[in-house]
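User: Hi! I am new to reading protein structures. Could you walk me through this one, feature by feature?

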Amino acid sequence: MQEMMALMQRYQSVMDRQVFDPEALDYQRLEALRPMLDGLARIKNSGVSVFDMHRREHVFASYNFGELFGYDQDRIANEGTSYFDSRIHPEDHLKLMALGIDLMELILATEPDRRMEYKIVNEYRIQSHDRGYVRVIEQHQGLELDRDGNIWLALSVLDLSPRQSTEGGIQSTLLNARTGEVVNLL
């Protein structure tokens, strides 16, 4: 519990480094992206979500989280990020959170015009349909920057992993999608 509280403080501190002008955020842009996001979920048969770094909450979750992973769509709508987090295996959740903070620091240290080049690929365990755990692969990348180069919207694409052993913890890789450079983070 103490470790989680320390991580939450670090998370808040890192997130506070991005300062947004709410008047400059065009939420119509998010609305315009919805058909593309729904299409991506349909074509890839993946769970697709968007996290708003300004509001610090999920602002989009594809229709198929229920059928793919056993998620409750009403709870996604009502509880948002806390519901997504509650589905992650407890051992993996702490590690993912610490890793996410480190990665956010790394990306924020990158020049704003290069921030969209990076994709984070994590493999970890979530609670699925039968209350057991399955291994998933989640890819995160920036979707929209604000006018100051802050990562405003972040895209997540969640798929079942072909490796379904529920033993072991997380795998994480940082990929520069422009150069092909791969960094194993663990």
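Analyst: Happy to! Let's begin with a term: a residue is called buried when its relative accessible area is under 20%. Keep in mind that this is a predicted model. In the protein chain, buried residues make up 45% of the 186 residues.

User: Thanks! What does the surface of the protein chain come to, and how much belongs to carbon and sulfur atoms?

Analyst: The accessible surface is about 9900 Å², and carbon and sulfur atoms hold 51% of it.

User: How many helices and strands does the protein chain have?

Analyst: There are 6 helices and 7 strands. Reading from the N terminus, the elements follow the order α-α-β-β-α-α-α-α-β-β-β-β-β. The radius of gyration is 16 Å, close to the 16 Å that the globule rule gives for 186 residues, so the protein chain is as compact as a globular protein of that length. Along the principal axes, the C-alpha atoms fill a box of roughly 45 × 35 × 35 Å.

User: Now the sheet. In what order do the strands lie?

Analyst: First the general idea: strands of a sheet pair through backbone hydrogen bonds, in either a parallel or an antiparallel way. Here, 7 strands form an open sheet with antiparallel pairing, in the order S2-S1-S5-S4-S3-S6-S7.

User: Which strands stand at the edges?

Analyst: Those are S2 (57-61) and S7 (182-184). Each has a single partner strand, so one side of each is left without a neighbour in the sheet. From one strand to the next, the twist averages 25°.

User: Over how many bridges do S6 and S7 pair?

Analyst: Strand S6, residues 171-176, pairs with S7 over 3 bridges in the antiparallel sense. To find this pairing in the picture, look for Thr 173, which stands opposite Asn 184 in S7.

User: Which strands does helix H6 touch?

Analyst: Helix H6 (residues 90-108) packs on the sheet and touches S3 (118-127), S4 (133-145), S5 (151-160) and S6. The direction of H6 makes about 170° with that of S3.

User: What about contacts between residues 24 or more positions apart?

Analyst: Among contacts with a separation of 6 or more, such residues account for 59%.

User: Where does Ser 165 lie?

Analyst: Ser 165 is in the loop between S5 and S6. Its relative accessibility is 34%, so Ser 165 counts as partly exposed.

Key: Residues are numbered from 1 along each chain as its sequence is written. This is a predicted model: local features need pLDDT of at least 70, side-chain atom pairs count only at pLDDT 80 or more; totals for chains, interfaces and linings use all residues. Side-chain values use heavy atoms; hydrogens and water are left out. Two strands pair if DSSP finds at least two bridges between them. Helices (H or I, at least four residues) and strands (E, at least two) are DSSP runs, numbered from the N terminus. Axes are lines fitted to C-alpha atoms, for helices over the stretch in contact, and angles run from 0 to 180 degrees between N-to-C directions. Contact means heavy atoms within 4.5 Å. The radius of gyration is taken over C-alpha atoms; the globule rule is 2.2 Å times the number of residues to the power 0.38. Buried means under 20% relative accessible area, exposed over 50%, partly exposed in between (1.4 Å probe, protein chains only). Accessible areas come from the Shrake-Rupley method with a 1.4 Å probe; for residues, only the protein chains shown count as cover.
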